[in-house]
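Please look through the sequence and the structure below before reading on.

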Amino acid sequence: MEFCFLRILKLTMKVLVMLLLFLGNIRNSAAYFSSSSEATMHTNNWAVLVCTSRFWFNYRHMANTLSLYRTVKRLGISDERIILMLADDMACNARNKYPAQVFNNENHRLNLYGDNVEVDYRGYEVTVENFLRVLTGRHETAVPRSKRLLSDEGSHILLYMTGHGGDEFLKFQDSEELQSHDLADAVKQMKEKGRFKELLIMVDTCQASTLFSQLQSPGVLAIGSSMKGENSYSHHLDSDVGVSVVDRFTFYTLAFFERLNMYDNASLSSLFNSYNPNLLMSTAYYRRDLYQRHLEEVPVTNFFGSVMETIHTDSAYTSFTNKNFGGAKTKIFLGQSFSSSDINSVRNSDDEDQFNNLTAEEDQHNEVGQCIFCAMDSGHLWSVIIGNVITHESVDFFVCYGLVLMLPLLVFSTWLSL
Amino acid sequence: MTKKKKVQWFWMWVIGSVTLRLILVYFPRNLNLSSRPEVSTPLTSLRRLAEGYWLKRSSMSPYAGSMYHGSPLLLTFLGPLTVTRIEGQPDQLLCSLVFVIADVISATLIRAAGRSLQAAYSSSLKVIGLHQLSETSEVLPSGDFAALVYLWNPFTIIACVGLSTSAIENLVVVLSLYGACKRLASLAAFGWVLATHLSLYPSILIIPVILLLGYGPDAPPRKLFQQRIKLEVGNSSSIGSNNLKEELKDQSSVLKVFAWRLVVHFFIWILLWSSYVLVLCGIYLQKHGGLQELYRRTYGFILTIPDLSPNIGVLWYFFAEVFDFFRSFFLMVFHGNILLMIMPLALRLNHRPCFLAFVYIVISSLLKSYPSVGDSALYLGLLGLFSYELKDIRFSFLLFAGYVGVSLLSPVMHNLWIWRGTGNANFYYATAIAYALFQVALVIECVNCMLNHDRMVTKLTTTKLKDAKS
């Protein structure tokens with residue numbers, strides 16, 4: 001009788017779990033298919049900063065990119081999430097009066113080429129092909145991870161491009177061009193591969209806004225420093241260095257960000273409204289038809305920094321759900337030493353935690369679901385019973401005694417059958 | 001009746017082999033045998049066991065990271081021994097001692113099994129009237145020989161000193177065969193359950209064990225007994241009917257009737273021991289996935305062969321090349337290869353279950369997924385048990401030279417490939433193929449020789465019967 005009851009109980013629990021999994025999956029797959037990125041959570045920020053021009057007289061493009069690199073790092077994005085592409089080396093150029101230093105202002109207040117600048121693509125590696133490979137993620141197998149854009153469907157990506165451009169193109173290295181439809185295709189591929197949740201494209205070239213005129217993918221916001229037929233101008237000439245050191249658009253962008261720190265929640269609309277066409281000597285045009293959210297609600301740190309919501313938990317990680325985490329979890333454990341009381345207190349809340357996780361909307365990792373499925377098979381009830389009877393430390397002793405007990409049992413049984 | 005000769009100073013030889021192992025354990029320069037692929041496989045390596053034990057103590061599953069793939073019972077038993085260090089003694093001394101003791105126990109069990117086999121065989125030869133043959137079969141103390149061959153076999157010594165858990169696996173296999181020879185159902189069940197639990201392949205030994213328990217140890221073909229009984233009945237009907245019943249009783253006691261009761265006991269003991277073992281394992285792994293995790297990581301690992309590091313087997317090279325699409329097909333083919341040989345051999349050799357067990361062990365050590373020299377150690381030791389029947393084996397020198405050659409060349413090729421880089425995988429795999437070929441030649445030749453022996457016995461019996469009739 002009890003066996004029947006147990007079997008029915010197990011069966012109903014299995015059916016329940018299957019239903020929950022099924023519903024959860026439907027929800028997630030529906031969200032995926034509807035191509036609105038509301039179901040996925042924003043988990044990380046990436047920045048791809050590209051300077052496309054070489055030669056000494058294009059110093060200002062390098063300084064633009066490096067200033068934005070500094071800003072983005074200051075507001076929280078770390079080097080491993082930044083792909084910095086510089087087409088030429090200004091800091092160690094033979095014509096640089098201040099070796100290993102790059103300035104974006106004639107007051108030389110800030111050295112942009114400080115101690116911890118990590119350039120991922122340098123010199124002749126900055127090509128249209130490499131740029132598109134970075135965006136789409138289609139690299140040769142030997143390309144190291146630091147040169148890859150390892151974003152996922154929860155990433156917000158800032159793409160900043162500066163250099164010489166024109167009507168529907170951007171010039172790379174004075175020898176090749178990136179066209180607007182190439183960029184649109186790459187962004188479309190990225191969207192299909194789920195490589196970003198939201199993308200902000202910022203272009204500082206002449207006739208910049210033509211570069212993103214062909215974009216169609218949802219979730220993309222783009223701003224360019226000038227419209228079709230307009231030039232973008234440099235801000236000022238540094239007579240000491242001998243060249244123009246910064247462009248107007250980037251100068252005013254930096255002026256906006258220098259007033260901010262990581263905890264301000266200035267919105268994108270305030271950034272976009274801060275550009276004065278008279279000061280810029282061009283019209284900064286932004287394109288928001290592909291972007292669903294209201295710009296007043298989006299803080300700039302969504303793209304230019306990395307401010308993540310932290311969730312505080314008191315309990316230690318347990319090792320029961322490590323079937324699929326396997327390798328990842330072992331890394332976590334190496335540094336920790338936990339007492340058995342932690343494990344005891346958490347073990348009982350295991351089941352509730354797992355059920356809660358499954359019903360939570362944000363968590364769409366299938367691993368949790370699989371763990372529940374494994375836990376709920378026929379062994380689970382038995383292990384719950386045993387778990388309540390035998391505590392953690394005594395398991396080893398119990399098994400040891402059981403093993404040792406086998407020998408006298410064997411001798412006894414042999415004697416019986418003799 | 002000639003006296004049964006014992007090997008003089010048997011125990012002296014045993015102590016000598018133990019001393020040799022201890023010398024090798026205490027060898028001043030590190031022999032590093034435990035890192036050789038021929039000795040330690042992902043299933044038998046003691047370093048992996050130590051890793052699994054450490055993982056368990058850090059409250060993780062011992063199977064995490066795909067290091068350890070053995071039984072949790074071994075983990076409980078050998079795990080604490082891998083961490084205790086005694087000052088001034090070599091590392092893993094306690095584990096080496098455990099393996100040495102396991103080897104000695106295996107040798108004594110082989111000796112006892114050999115004795116009972118020999119006694120049973122000579123008495124069955126007497127029953128069918130071949131008294132001279134029965135006397136000559138007792139001249140050679142095959143049990144002692146087999147035990148000493150097992151102990152002094154370089155493969156066994158290397159497997160023991162190289163800290164491979166195959167010593168314990170061999171022990172439980174020999175234990176089950178011994179229990180079956182002595183017709184102790186619970187001992188045989190215990191050995192079989194543990195052997196299957198530790199490594200999957202001894203599960204095919206259930207057929208010879210059942211045959212041993214049912215029919216008794218090796219004997220000439222059963223039809224010879226039936227012919228003998230007919231003859232005896234015929235004779236006794238002419239002598240007189242009062243002796244008839246006693247004669248018939250004597251004959252039917254040696255007539256091979258299948259002992260069903262014993263086999264049923266055997267199965268009951270299997271159930272008991274296996275549930276005991278599984279309960280212990282389930283408790284041990286309750287936090288880390290329970291029995292499903294156990295099966296996935298031990299039997300699943302053995303059957304799906306995810307680890308393709310080189311060894312003396314023939315499977316790693318093949319599965320490194322096969323396309324993913326066909327991988328499961330070829331897995332089924334390779335494992336089915338072992339399974340397909342079970343039935344025909346059982347049908348042909350069902351009157352010699354101990355020899356059948358030997359053949360199964362050779363085949364499984366040839367085709368198993370992660371073979372090592374410890375597996376060859378087992379069957380080479382058991383080979384000695386049949387020294388009387390196999391005395392006419394052909395190519396014995398060729399096979400011996402082949403084994404020696406392969407065991408010398410294989411480490412050389414491995415070194416050339418891995419360490420010097422002047423060779424490649426084909427060099428090493430060639431020695432693996434040669435090794436497999438020699439094993440195949442050995443087993444075919446042994447079966448051939450055994451069948452020839454059976455034919456000789458049959459011929460002698462029928463001529464004797466014809467003489468008796470006429």
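## Basis of the model

This is a predicted model, in which local features need pLDDT of at least 70 and side-chain atom pairs count only at pLDDT 80 or more, while totals for chains, interfaces and linings use all residues. Residues are numbered from 1 along each chain as its sequence is written, chains are lettered from A and ligands numbered from 1 in the order in which they are written, and side-chain values use heavy atoms, with hydrogens and water left out.

## The two chains

Chain A contains 13 helices and 12 strands, whereas chain B has 21 helices and zero strands; here helices (H or I, at least four residues) and strands (E, at least two) are DSSP runs, numbered from the N terminus. Of the 418 residues of chain A, 45% count as buried, and in chain B the buried share is 57% of 470 residues. Buried means under 20% relative accessible area, exposed means over 50%, and partly exposed lies in between (1.4 Å probe, protein chains only).

The accessible surface of chain A comes to about 21,600 Å², with 56% belonging to carbon and sulfur atoms, and that of chain B comes to about 20,700 Å², with 66% belonging to carbon and sulfur atoms; these areas come from the Shrake-Rupley method with a 1.4 Å probe, and for residues only the protein chains shown count as cover. Among contacts with a separation of 6 or more, residues 24 or more positions apart account for 73% in chain A and for 77% in chain B, where contact means heavy atoms within 4.5 Å.

## Annotated active site in chain A

The UniProt annotation "active site", from an unreviewed entry, covers A:His164 and A:Cys206; such annotations may be inferred rather than shown by experiment, and their positions are given in the numbering used here, with feature names shortened. The two residues span 43 residues in sequence, yet their C-alpha atoms are not more than 6.5 Å apart, so they gather at one spot.

A:His164 is placed in the loop between strand 4 (155–162) and strand 5 of chain A, and A:His164 counts as partly exposed because its relative accessibility is 26%. Not counting residues up to four places away in sequence, A:His164 touches several residues, including A:Thr52, A:Asn58, A:His61, A:Leu170 and A:Lys171. The side chains of A:His164 and A:Asn58 are joined by a polar contact of 2.8 Å, a term for a pair of N or O atoms within 3.5 Å; within protein, one must be able to donate a hydrogen and the other to accept it, and residues adjacent in sequence count only if both atoms are side-chain atoms. A:Cys206 lies in the loop between strand 8 (198–204) and strand 9 (220–224) of chain A and counts as buried because its relative accessible area is 19%. Leaving aside neighbours within four places in sequence, the contacts of A:Cys206 include A:Gly165, A:Gly166 and A:Glu230.

## Strands and hairpins of chain A

Strand 5 (residues 165–166) of chain A runs antiparallel to strand 6 of chain A, and two bridges join them; two strands pair if DSSP finds at least two bridges between them. A:Gly166 stands opposite A:Phe169 in strand 6 of chain A, and in this hairpin, which has two residues between the strands, A:Glu168 takes a positive phi near 65°. Strand 6 of chain A also pairs with strand 7 (residues 176–179) of chain A, in the antiparallel sense over four bridges, with A:Lys171 opposite A:Glu177. Three residues lie between the strands of that hairpin, and A:Gln173 in the turn has a positive phi of about 60°.

In a regular strand the side chains alternate between the two faces of the sheet. Strand 6 (residues 169–172) of chain A has A:Leu170 and A:Phe172 on a covered face, and A:Phe169 and A:Lys171 on an uncovered one.

Elsewhere in chain A, seven strands form an open sheet of mixed pairing in the order 3-2-1-4-8-9-12. Its edge strands are strand 3 (121–122) and strand 12 (285–287) of chain A, each of which pairs on one side only. Strand 9 of chain A pairs with strand 12 of chain A in the antiparallel sense over three bridges, and A:Ala222 stands opposite A:Arg287.

## Selected residues of chain B

B:Glu138 is found in helix 5 (residues 131–139) of chain B and counts as buried because its relative accessibility is 9%. The side chains of B:Glu138 and B:Ser122 are joined by a polar contact of 2.8 Å.

B:Cys95 is buried, with a relative accessible area of 0%, and B:Cys160 is buried as well, at 1%. Over all chains the count of disulfides comes to zero, a disulfide being taken as a pair of cysteine sulfur atoms within 2.5 Å.
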